[in-house]
2 protein chains.
Amino acid sequence: MKGLETYTVGMVGLGLMGGAIALALRSEGIIRTEGRILAYDRDPDTLEKAKAAGIIDDGMSVPEAMLGQCDLVFLCITPRALLHFMENQMAAFRPGTLITDIAGIKGSIVAAMEHTLREDLDFIPGHPMAGSELGGLAHAKSCTFQGKNYILTPLKRNKPENLALLKTLIYRMGFGRITETSPQEHDRNIAFTSQLCHVIAAALIDCEADTRITRFGGGSFEDLTRIAMLNAPMWTELFIENQEELLKRIEQFAGSLDRLKRAIAAGERTALEQRLQAVRERRAAMV
Amino acid sequence: MKGLETYTVGMVGLGLMGGAIALALRSEGIIRTEGRILAYDRDPDTLEKAKAAGIIDDGMSVPEAMLGQCDLVFLCITPRALLHFMENQMAAFRPGTLITDIAGIKGSIVAAMEHTLREDLDFIPGHPMAGSELGGLAHAKSCTFQGKNYILTPLKRNKPENLALLKTLIYRMGFGRITETSPQEHDRNIAFTSQLCHVIAAALIDCEADTRITRFGGGSFEDLTRIAMLNAPMWTELFIENQEELLKRIEQFAGSLDRLKRAIAAGERTALEQRLQAVRERRAAMV
């Protein structure tokens with residue numbers, strides 16, 4: 001089996017995450033000079049900058065030119081763009097290519113790939129739990145992977161050696177914990193830990209028009225609304241693609257909020273204090 | 001006028017904030033060896049540890065013994081404890097003492113002080129916008145003031161020279177911005193930037209029983225729920241003391257959340273994206 005360090009890796013999309021992955025592949029010595037990191041991006045300027053900065057070896061403005069050369073392809077584009085890309089480029093991949101993605105939803109992508117993926121390609125769906133409210137290649141350096149979570153939702157047909165190789169690569173990029181789960185479980189949990197949190201941050205900003213409110217900030221508000229600096233097109237996609245799970249989570253949360261509101265309104269000191277103490281203990285148990 | 005560095009300062013309560021203030025007064029050279037830092041706390045062990053660590057010069061288990069010596073008193077206890085303390089100790093303060101507090105609500109405290117404060121004492125209500133989810137003197141070192149906000153809600157009767165002195169002291173402790181406002185404006189805004197955020201964090205934890213959910217965390221969930229590690233008795237007091245403003249803020253937030261929920265449920269891509277873009281821009285303008 002060909003050594004990972006000699007692989008030709010193709011990045012589809014060189015935004016924040018594509019850029020951060022390419023950087024990690026090189027800086028951690030995962031892909032060495034015997035191997036190559038190529039990239040396709042719709043913005044030629046991004047490709048030029050990435051090449052000049054040594055993040056990639058070469059940029060391609062036409063995906064076909066790249067896909068035919070790759071051993072491993074990272075799809076680092078939004079879910080809808082990913083489905084569109086795979087529909088149009090399926091013939092361009094080299095037989096045996098290992099393909100993975102970073103999309104924040106898995107159910108609809110896995111369902112589509114199970115039907116349309118070529119028999120001779122191996123697609124392992126993934127979701128690195130890292131990012132930044134500052135998007136684009138320019139901020140890729142500030143997106144660190146150290147100790148972070150990575151979710152994989154392998155397909156039954158995935159080759160064990162490819163799964164093992166991808167996991168090795170993920171740990172070598174710095175991630176601290178890989179969880180293998182089903183696409184459904186992924187979407188259910190991500191609706192809570194990621195999407196609901198973004199909806200809450202957006203709702204918080206949405207309900208206060210005075211931008212001078214930050215004079216009254218002491219850290220909590222800043223922490224809760226950091227992620228309100230969201231990439232609107234991407235999050236719109238994620239919210240709507242995972243609509244069903246997200247709506248359930250919003251309703252659960254609204255129910256908890258309402259119970260707390262009623263305890264505050266009723267001035268039930270003891271009940272409220274007990275509930276807050278239980279929250280504190282549960283949060284402390286979340287490690 | 002006596003120099004600040006020679007003041008005898010009395011800390012009432014040596015928890016996280018009392019401890020952090022005492023530390024700053026000494027480490028920033030605000031109170032030097034010609035001056036003294038005294039403390040009263042209901043826990044004798046805390047006083048002993050603070051004295052042994054050089055955070056205070058002396059600890060007093062009886063407040064009267066301390067108050068008669070102080071030029072400046074910091075009340076670093078919860079709102080209800082503060083009102084109770086002032087009711088019982090009013091006679092013990094030395095004439096002319098400058099008193100300030102750090103309570104997270106101001107309306108009810110100011111109302112009480114306006115009626116009951118001795119004529120020869122000067123009370124300037126304050127709220128340092130700093131803290132930590134880790135409470136107690138043991139964590140005082142990790143509570144930094146650098147660049148943080150500080151709110152003052154001065155009374156009409158405050159002496160200008162005392163207000164100037166307190167502001168100097170606040171900046172010298174490291175705070176970056178002092179905002180003077182009314183108790184009502186403070187309570188209205190704090191209900192949003194601080195209390196609502198704590199209610200949201202608590203509601204988030206309240207609606208997910210699986211502590212292994214953190215495997216799916218990517219930073220957002222961790223940021224939004226850090227403050228769910230709350231001091232239950234203190235936050236119960238703050239929520240109930242500021243009930244009216246907090247309930248308004250919870251309702252505003254629930255309204256925004258519901259609007260986002262409906263846009264997601266309706267699958268209104270364009271409308272949702274526009275709303276998220278507006279949120280992003282407003283958050284970016286909050287500096």
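1. Which residues in α7(B) meet which residues in α10(B)? In this predicted model, the α7(B) side consists of D187(B), R188(B), A191(B), F192(B), Q195(B), L196(B) and V199(B). Their counterparts in α10(B) are E245(B), L246(B), R249(B), I250(B) and F253(B). By class, the residues of this contact are 7 nonpolar, 1 polar and 4 charged.

2. Two packed helices are described by the angle between their axes and the distance between the axes. For α7 (residues 183–206) of chain B and α10 (residues 243–265) of chain B, the angle is about 60 degrees and the axes are 9 Å apart. The crossing of α7(B) and α10(B) is right-handed.

3. On chain A, the division is into domain 1 (4–181) and domain 2 (186–285). Taken over C-alpha atoms, the centres of these two domains of chain A are separated by 31 Å.

4. Contact between the two domains of chain A involves 14 residues of domain 1 and 14 residues of domain 2. On the domain 1 side, α4 (79–89) and α5 (107–116) of chain A each supply at least two residues. The residues on that side of domain 1 of chain A comprise 3 nonpolar, 8 polar and 3 charged.

5. The largest nonpolar core has 181 residues. Within this core, the residues with the most contacts are M11(A), A22(A), A202(A), M11(B), A22(B) and A202(B).

6. What is A202(B) in contact with, leaving aside its neighbours within four places in sequence? From chain A, the contacts are L260(A), L276(A) and V279(A). From chain B, they are A228(B) and L230(B).

Key
Residues are numbered from 1 along each chain as its sequence is written. Chains are lettered from A and ligands numbered from 1 in the order in which they are written. This is a predicted model: local features need pLDDT of at least 70, side-chain atom pairs count only at pLDDT 80 or more; totals for chains, interfaces and linings use all residues. Domain bounds come from an automatic or database domain assignment. Two residues are in contact if their C-beta atoms, placed from the backbone, lie within 7 Å. Helices (H or I, at least four residues) and strands (E, at least two) are DSSP runs, numbered from the N terminus. Ala, Val, Leu, Ile, Met, Phe, Trp, Tyr, Cys and Pro count as nonpolar, Asp, Glu, Lys and Arg as charged, and the others, Gly among them, as polar. Axes are lines fitted to C-alpha atoms, for helices over the stretch in contact, and angles run from 0 to 180 degrees between N-to-C directions. A crossing is left-handed if the near helix is turned anticlockwise from the far one by less than a right angle, and right-handed if clockwise. A nonpolar core is a set of buried Ala, Val, Leu, Ile, Met, Phe, Trp, Tyr and Cys residues joined through C-beta atoms within 7 Å. A residue is buried if 20 or more other C-beta atoms lie within 10 Å of its own, exposed if 12 or fewer, and partly exposed in between; C-beta atoms are placed from the backbone.
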